Amino acid sequence: MRGTRANSLTSHVPCSVNLPTHSRTPVLIVHGGAWAIPPEMAEDHQRGVARALATGYAILEKGGTATDAVEAAVTILEDDPTFDAGRGSFLTSEGRVQLDALLMDGNTLRAGGVACVERLRNPIQAARLVLDKSPHIYFVGPGAEAFAHQHGMPLIDNSELVLDRERTRLKEAQERLAAGQPDQTFSGPLAQDDKSPETAHPHQGDRPAAKVALGSSPGNRGTEGAGGFNPRKTSQEDSGALAPELPNLDSHDTVGAVALDANGHLAAGTSTGGTLNKAPGRVGDSSLIGCGCYADNHSAAVSLTGWGEPIMKLVLGKWATDRVAAGVTPELAAQQAISYLFTRLGGHGGIILLGPDGQFGLSHNTPGMAWGIATKEGQSTGLSI
């Protein structure tokens with residue numbers, strides 16, 4: 001089944017809504033990864049982000065915190081094998097799943113992160129325990145698992161996270177390497193510092209256009225779902241076939257969420273299973289503060305997706321939120337961040353960015369990005385912008 005997307009805005013000018021300073025209209029935005037989503041996987045991606053939205057926004061509607069909503073939404077995405085987070089994640093070169101996650105509270109700047117965990121079903125929940133229960137911010141490997149277990153999380157066998165689908169992918173990737181097709185991700189020149197076939201966007205010239213959605217919350221009523229968002233389309237018309245003619249498109253990517261609650265507090269969370277055939281112990285951007293995730297009531301909340309090494313080098317999450325703090329709209333800051341990712345390091349990925357006034361921006365320079373937005377006006381999802 002072909003995926004759907006919201007209709008495009010006819011104006012390039014973002015619509016803004018000034019919300020009262022004493023309260024805010026809750027907003028939840030999620031992503032399920034930016035990459036070349038094949039048409040046959042479109043329905044699963046859209047359904048997955050819709051479930052995450054429904055779960056997280058129900059918490060916000062009842063007066064729950066942004067942190068609670070983000071944790072709940074990301075948990076849903078981790079449990080969905082469509083995405084590269086939790087069960088069904090990519091395998092390391094040794095055939096195991098290693099998971100990373102970060103959760104950050106924009107009100108207090110408290111954060112909790114875990115990396116390289118193998119025996120936890122939901123790393124975002126372990127990150128929440130670190131945020132709430134520890135004077136530290138970051139735990140890795142067996143230490144992270146022990147901490148989570150001490151605070152009530154059950155330990156599982158790593159095999160419960162591994163799918164046969166991923167064993168096949170790993171075998172094929174390792175066969176390509178053995179056949180003399182090396183991975184140049186970490187050693188290639190500009191425009192090859194990227195995840196190649198999964199996230200790379202075929203383009204002409206030196207710079208692919210960043211696809212960007214201009215939006216604010218609430219007020220833009222779209223025609224998709226119950227309304228609430230109507231992104232501006234700046235790329236080719238959507239044909240439903242989101243993946244270009246590239247090899248090895250059988251992939252998936254990082255998940256994340258950002259939220260604004262009724263008290264005006266922001267939160268952000270990002271979770272990932274990393275990259276295919278990665279070296280055991282490799283940590284990407286997703287669980288690093290200011291790289292793949294960040295939240296501060298004084299600037300914005302952000303979650304990124306894509307190839308982690310370029311994002312880490314640019315500390316891109318903090319880069320984007322600093323621009324919002326300096327007065328740049330989240331819409332424009334999102335576009336600038338993805339453009340900077342490519343022009344500086346040739347990187348590809350996507351971003352969701354939410355300001356404390358409810359304005360937001362989404363952008364990506366990959367063929368597709370699964371996204372969803374929920375406001376009091378309703379819920380919208382899409383597979384590209």
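1. Residues count as buried here when their relative accessible area is under 20%. That cut-off applies to strand β7 of this predicted model, where L266, A268, T270 and T272 point one way, A267, G269 and S271 point the other way, and all are buried. In a regular strand the side chains alternate between the two faces of the sheet.

2. Overall content. The protein has eight helices and 13 strands. Of its 385 residues, 60% are buried. Among contacts with a separation of 6 or more, 73% are between residues 24 or more positions apart. The exposed surface comes to about 14,100 Å², and 51% of it is supplied by carbon and sulfur atoms.

3. Strand β7 as a whole. This strand covers residues 266–272, and seven of the seven are buried, so β7 is largely enclosed by the rest of the structure.

4. Pairing of β7. Strand β2 (residues 99–105) runs antiparallel to β7 and is joined to it by six bridges; A268 of β7 is the bridge partner of M104. Strand β6 (residues 255–260) also pairs with β7 in the antiparallel sense, again over six bridges. In that pairing V255 stands opposite S271.

5. The β6–β7 turn. These two strands form a hairpin with five residues between them.

6. Nonpolar cores. The largest nonpolar core has 52 residues, and the members that touch the most others are L28, V30, V70, V114, A257 and A259. A second, separate core of 39 residues includes V27, L266, L314 and W371.

7. V70. Which residues does V70 contact, leaving aside its neighbours within four places in sequence? They are L103, A257, V258, A259, A267, A268 and G269. Of these, A257 and A259 are also listed with V70 among the residues touching the most other members of the largest core, while A267 and G269 point to one side of β7 and A268 to the other.

8. A85. This residue is in the loop between α2 (66–78) and β2. Is A85 buried or exposed? Its relative accessible area is 0%, so A85 is buried. Leaving aside neighbours within four places in sequence, A85 is in contact with L77, E78, V255, S271, T272 and G273. A85 and G273 are 188 residues apart in sequence, yet their C-alpha atoms are 4.7 Å apart in space.

9. The β12–β13 hairpin. Strand β12 (residues 368–375) and β13 run antiparallel and are joined by five bridges. Two residues lie between them in the hairpin. W371 stands opposite G382 in β13, and W371 is also included in the second core. Strand β13 (residues 378–382) is mostly covered, with four of its five residues buried.

10. Cysteines. A disulfide is a covalent bond between the sulfur atoms of two cysteines. How many disulfides does a search of the whole structure find? The search finds zero. C291 counts as buried because its relative accessibility is 8%. C293 counts as buried too, because its relative accessibility is 0%.

Key. Residues are numbered from 1 along each chain as its sequence is written. This is a predicted model: local features need pLDDT of at least 70, side-chain atom pairs count only at pLDDT 80 or more; totals for chains, interfaces and linings use all residues. Side-chain values use heavy atoms; hydrogens and water are left out. A nonpolar core is a set of buried Ala, Val, Leu, Ile, Met, Phe, Trp, Tyr and Cys residues joined through side-chain atoms within 4.5 Å. Buried means under 20% relative accessible area, exposed over 50%, partly exposed in between (1.4 Å probe, protein chains only). Contact means heavy atoms within 4.5 Å. Two strands pair if DSSP finds at least two bridges between them. A disulfide is a pair of cysteine sulfur atoms within 2.5 Å. Accessible areas come from the Shrake-Rupley method with a 1.4 Å probe; for residues, only the protein chains shown count as cover.
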